[in-house]
Amino acid sequence: CTLLAMPGGPYVGALDQGTTSTRFIVFDAHRAPVVSHRIEHKQITPHAGWLSHDAIEIARNAVTCVAEAVAKFRERCGPEAVISAMGITNQRETTVAWDSVTGQPLCHAIVWSDARTASVAEELAAGDPNRLIATCGLPFSTYFSGVKMAWMLRNEAAVKDAASSHRLRFGTIDSWLIWHFTRGSKFVTDCTNASRTMLMDIRTLQWSPEVCASFGIDQQWLPGIVPSSGHIADVNLQDLGVNCQHPPIPLTGCIGDQQGALVGNLCFKRGAAKNTYGTGCFLLCNVGEQVPPPSQAGLLTTVAYRFGDAPPIYAYEGAVAGAGSTVQWLRDRLGLIKTLQESETLAATVQNAGGVVFVPAFGGLLAPYWKPDARGTIVGMSQHTTKAHITRAVLDAIAQQVALIVGAMERDAQITCTALAVDGGMVANKVLVQEQADALGTQVHVPKMLETTAAGAAICASLPTRLWGPLEQMRPADGARAVLPQTTPQERHRRKLLWDAAVERSLGWAKL
């Protein structure tokens, strides 16, 4: 679709390759979207717990999105208008294996949320899931790319054959797309994506020989690691089969999607944090140039970004399992609301949850509890409780979990979070955003333009030649609003005590 903005260059493009779709967005100098094009791709689920993508389909969709967006851009801004640079942001951890000679995938890509690798993760952990945290910042888990690579080597005959014939290439989606867009001349990944593999030393930003060897992975199969901002290649659209006279576009930015949102929200100072509300929540906090100590609350240590030759910036990351999915549960399973939007209008009919507390531990509790035996719990109901109170309690539960992770980040990194930048579809819910400000006791910043992940990739791409000026001069886009807390510290403390009591009652249910 074409996005309505008053265009003014320099223009920068961002290829946003996500879990369900691929988009190319062109931004103007005010970081406002000018045009975009989006295509969904198939979700391949051959077995329970498996989720795969067709890497060829993703690559073709990416080329089509760029071609269609460029055509719309030229139609809107004139036949001589040019995109001065482009960046890539991508679903992290999703892993592709391909043949270096033919350029063809050797099997379907294994998606970040795929659970087929559980036994391999357990085997590699060797009884200690945290044994590599000092090196890579991550525990052993099915999420991370190195475990997916090890599974492919054990279970995909074509991958094993390519390894023995020295033709194997492993990469995350960014590496695959860069390879495809440069017709195999560039085999690289950026440090944020590399930090999600378990294979990179987060201090040196290089592949760890010891960790790679323990996973059975030859470093020759892995891409070179580059900064999030810097010249990678020039993308020639004609070489990709696009009938277009646009000059080659410098590819000068690459960053994982959650880190892209951190950059897109301009979280460049230590203590600046962002939360993305989707099916779950992904919360990242900038902790500065030093690798932080291992989190006592089970938070992940990751690379936030690295711009050119500047030192890398690190982040703590925490996740909330149930956000949008919990509201969907209200609609689809309980039938308390008919649309997702109704969660806001219904919750707004009551001043608070009326003492009701909901703990959405459908599959256990993540950070900072890490209690897989917890189960969903609703407490505090009376004969006066209505569906509006329960709906409000669901929104409050999302806010309380995010506040807990922010608190854990503050304690572990010894920082103070003075504001939380938010994005994602749920930030349109004003009741939720107010609950979040109240639970934190600090400001919540809501951008007018919600394409912050793609904007982050565009910012990375703009920096090498300062297309949009130096980093320190960037300001939030017009129209952002700050939501202030409306509760007293005493009321905030009381709500926290209620939440803690409800969590206590949710524990152990899976064992009964």
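How many nonpolar, polar and charged residues does the lining of the second largest pocket have? By class, 23 are nonpolar, six polar and eight charged, where Ala, Val, Leu, Ile, Met, Phe, Trp, Tyr, Cys and Pro count as nonpolar, Asp, Glu, Lys and Arg as charged, and the others, Gly among them, as polar. The model behind these values is predicted: local features need pLDDT of at least 70 and side-chain atom pairs count only at pLDDT 80 or more, while totals for chains, interfaces and linings use all residues. Residues are numbered from 1 along each chain as its sequence is written, and side-chain values use heavy atoms, with hydrogens and water left out.

Confidence comes next. The protein chain has a mean pLDDT (the predictor's confidence in each residue, from 0 to 100) of 93, and 98% of its residues reach 70 or more. Over residues 1-6, though, pLDDT stays under 50, and the model has 21 contacts beyond four places in sequence for this stretch; contact means heavy atoms within 4.5 Å. Where pLDDT is low, the predicted coordinates should not be read in detail.

Now to the sheet. Six strands make up an open, mixed sheet in the order 3-2-1-5-14-13. Helices (H or I, at least four residues) and strands (E, at least two) are DSSP runs, numbered from the N terminus, and two strands pair if DSSP finds at least two bridges between them. Strand 3 (33-40) and strand 13 (229-235) sit at the edges with a single partner strand each, so one side of each has no neighbour in the sheet. Strand 1 (residues 11-17) and strand 2 (residues 21-27) run antiparallel and are joined by six bridges, with L15 opposite F24 in strand 2. Helix 6 (residues 173-181) lies across strands 1, 5, 13 and 14, at about 140 degrees to strand 5; axes are lines fitted to C-alpha atoms, for helices over the stretch in contact, and angles run from 0 to 180 degrees between N-to-C directions. Helix 9 (residues 257-264) also packs on the sheet, touching strand 5 and strand 14.

Back to the second largest pocket, which holds about 830 Å³ of space. A pocket is an open set of points on a 1 Å grid over the protein atoms alone, with protein on both sides within 12 Å along at least five of seven lines; lining residues have an atom within 4 Å of a point. Grid points are joined across faces, edges and corners, and a volume is the space filled by probe spheres set on the points. Of the 37 lining residues, N265, L266, C267, F268 and P476 lie nearest the centre. Strand 21 gives the most, with three residues.

How values were computed:
On a 1 Å grid over the protein atoms alone, a cavity is a set of points where a 1.4 Å probe fits but cannot get out, and a pocket is an open set with protein on both sides within 12 Å along at least five of seven lines; lining residues have an atom within 4 Å of a point.
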